[in-house]
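Let's take a walk through this chain together, from its overall contacts down to a few paired residues. Have the sequence and the model side by side as you read.

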Amino acid sequence: MTFTLPRNLRSRKPQAGRLLLEIGGTRYSLRPVACHAQIGKRAFRLLKDDGTVYDVVQTPYGAECDCPDFIFRRDGLDPDGCKHVQALVSVGMIPAHRAN
Ligand SMILES: [Zn+2]
């Protein structure tokens with residue numbers, strides 16, 4: 001049995017600590033940000049090419065995002081969250097919101 005480095009993952013990391021994430025055709029650079037332990041376990045900052053920034057925080061109650069879609073349409077309504085939360089879950093950066 002042989003093991004090789006996942007080249008596709010390596011190529012998505014142009015710099016250490018910086019990931020590129022594509023959501024619905026929009027490119028974001030993704031980096032972990034400091035998060036107070038009382039607020040959440042971990043947090044990520046998504047930076048769009050046009051300079052828009054969204055922060056996603058993994059809280060004890062599930063992931064929260066500060067984008068308008070999450071604030072007005074998802075918070076407390078949709079356990080899957082906005083597209084940013086769903087994208088971070090799908091790449092394994094934050095765990096999926098547990099059922100119930
Ligand atoms: Zn969002």
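Among contacts (heavy atoms within 4.5 Å) between residues at least 6 apart in sequence, 24% join residues at least 24 apart. This is a predicted model, in which local features need pLDDT of at least 70 and side-chain atom pairs count only at pLDDT 80 or more, while totals for chains, interfaces and linings use all residues. Residues are numbered from 1 along each chain as its sequence is written, and side-chain values use heavy atoms, with hydrogens and water left out.

Of the 100 residues, 30% are buried, meaning under 20% relative accessible area with a 1.4 Å probe, protein chains only.

Now look at strand β4, residues 53–59, where six of the seven residues are buried. What does β4 pair with? Strand β3 (residues 42–48) runs antiparallel to β4, joined by six bridges; strands count as paired if DSSP finds at least two bridges between them. Four bridges also link β4 to strand β5 (residues 62–65), again antiparallel.

Follow V57 in β4 to see both pairings: its bridge partner is A43, and it stands opposite E64 in β5.

Finally, trace the turns. The β3–β4 hairpin has four residues between its strands, and G51 in that turn has a positive phi of about 100 degrees. The β4–β5 hairpin has two residues between its strands.

Terms used: Buried means under 20% relative accessible area, exposed over 50%, partly exposed in between (1.4 Å probe, protein chains only).
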